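This briefing is written for a reader who is meeting the structure for the first time. Please study the sequence and the model, and then follow the points below.

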Amino acid sequence: MKLNTPASEPSPAAGGILTIDLGALVANWKALASRAASAECAAAVKGDGYGIGLEQAVKSLSEAGCRTFFVALPDEGVRARAVTESARIFVLGGFMPDTGTTLREHNLIPVLNSTEEIEDWQAIARRAGTRLEAAIHVDTGMNRLGLREVEANALVADPKRMEDIEPVLIMSHLACGSDPAHSLNERQRSAFERVRPLFPGCPGSLANSAGIFLGSGYHHDLVRPGIALYGGAALDSHLNDNPMCSVVEAKARVLQVRTVPAGEGIGYGSAETAKRDSRIAITAVGYADGYHRRAGSSDARSGAAGIFNGARLPLIGRVSMDLTAFDVTDCPEPGPKRGDWITILGGAAGLTEVAVAAETIDYELLTGLGRRYERVYR
Ligand SMILES: *Cc1c(COP(=O)(O)O)cnc(C)c1O
């Protein structure tokens, strides 16, 4: 993995090049921080920094002033800690007693999601003879992780149960934030307002990326954006009009350009038939690179598209493991030739557009970006 390689220098050995614009990542973090100016702006870097590289994301964002990070797993926390000595790192994903040592050794703060987790962390703190920091996650209507409101009430009714725990964040998570009109948003917000006073003086956090766009009533003391940092759509309306900068660009190398006579099928399953005499560019990226098979095209449905010199090239036929075909028949001269690179993600082949073509969401497309790409950071 190379840091600071000029983006214009493709490796001749790779079938695909992933260019990750860390400047755009930082610009997105600053834009979100100013949108939620009354709150601290943290960063979710789980899932290998949403696929762009956890270490690179943590390093750039902490240099830009981000002081709090959220990861899903203790292992991700250890990786983040190797990059920043001083930032707070919260581990979201369910605390297990056997990860207590790892958390403490690397100064990671667990998000406690149930009364059992609280009991276990409390036991570790008591054995250590010290108060240990934790975030308390209260479920306000998502029914995934977090204490139910009645459990939170019962917890604080018995101060002994939290005697050795220093709550440093009380948090909850929105289930439907991407849809500002969804009634659950307001119900979750008011449930969160009810539980916050149970932990007096403790900072509160409800907003993910979507929550930041729902307005200041959702910002509280700390916001936890993920997807919007990486250029993805936080709100459903961002599908067509995304205010964030694009962070990820992927290019696929052209292995050959060939002619297909009208009536012949292309690729596995002969799923798509050439409707006319066609010119097809075969590129060296496929689903093994996280370019989803569902983005493929057939006689029944159209798929994603690539871009070459500004021209849109419809994907034609199925996506194979290592190969994807694009129809270059209508591409203005000079069209792509062997050795050229077709943009398959980024620019006019926007993240969300490709995700929609693949019947998935930006999150899955990003976190699924393969390891085979030559990765270039700038
Ligand atoms: C992933 C996650 C976030 C970030 O969510 P985005 O929708 O990517 O902004 C925030 N909080 C929690 C609890 C999460 O799991």
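Pro-200 counts as exposed, because its relative accessibility is 69%; buried means under 20% relative accessible area, exposed over 50%, and partly exposed in between, with a 1.4 Å probe and protein chains only. The model is predicted, so local features need pLDDT of at least 70 and side-chain atom pairs count only at pLDDT 80 or more, while totals for chains, interfaces and linings use all residues. Residues are numbered from 1 along each chain as its sequence is written, and side-chain values use heavy atoms, with hydrogens and water left out.

**Position of Pro-200**

- Pro-200 is placed in the loop between α8 (183-195) and β9 (204-205); helices (H or I, at least four residues) and strands (E, at least two) are DSSP runs, numbered from the N terminus.
- From C-alpha to C-alpha, Pro-200 and Lys-30 are 29 Å apart in space, and they are 170 residues apart in sequence.

**Aromatic pairs**

- A search of the whole structure finds 4 aromatic pairs; rings of Phe, Tyr and Trp (its six-membered ring) pair if their centres lie within 6.5 Å, and planes under 30 degrees apart count as stacked, over 60 as edge-to-face and the rest as tilted.
- One of these pairs is formed by Tyr-50 and Tyr-230, which are stacked at 4.6 Å centre to centre with 15° between the planes.
- This pair links distant parts of the chain, since Tyr-50 lies in helix α2 (residues 46-50) and Tyr-230 in the loop between β10 (222-223) and β11 (248-260), 180 residues apart.
- Both Tyr-50 and Tyr-230 are buried.
- The pair of Tyr-50 and Tyr-363 is tilted, because the ring centres are 6.1 Å apart and the planes stand at 40°.
- This pair also links distant parts of the chain, with Tyr-50 in helix α2 and Tyr-363 in helix α11 (residues 362-367), 313 residues apart.
- Tyr-50 has a relative accessible area of 6% and is therefore buried, whereas Tyr-363, at 31%, is partly exposed.
- Ring pairs link Tyr-50, Tyr-230 and Tyr-363 into a cluster.

**Charges over rings**

- The charged end of Arg-189 sits over the ring of Tyr-218, 5.8 Å from the ring centre; the criterion is that NZ of Lys or CZ of Arg is within 6 Å of the ring centre and within 35 degrees of the ring normal.
- The charged end of Arg-224 sits over the ring of Phe-70, at 6.0 Å from the ring centre.

**Salt bridges**

- A search of the whole structure finds 24 salt bridges, each being a side-chain nitrogen of Lys or Arg within 4 Å of a carboxyl oxygen of Asp or Glu.
- Among them is the salt bridge between Arg-79 and Glu-55, whose closest N and O atoms are 2.9 Å apart.
- Arg-79 lies in helix α4 (residues 74-81) and Glu-55 in helix α3 (residues 54-63), so this pair ties together parts that are 24 residues apart in sequence.
- Asp-289 forms a salt bridge with Arg-372, with the closest N and O atoms 2.9 Å apart.
- Asp-289 is buried, with a relative accessible area of 3%, while Arg-372 is partly exposed at 42%.
- Glu-359 and Arg-294 meet through their side chains in a salt bridge of 2.5 Å, N to O.
- Salt bridges that share partners join Asp-48, Glu-55, Arg-79 and Arg-371 into one network.
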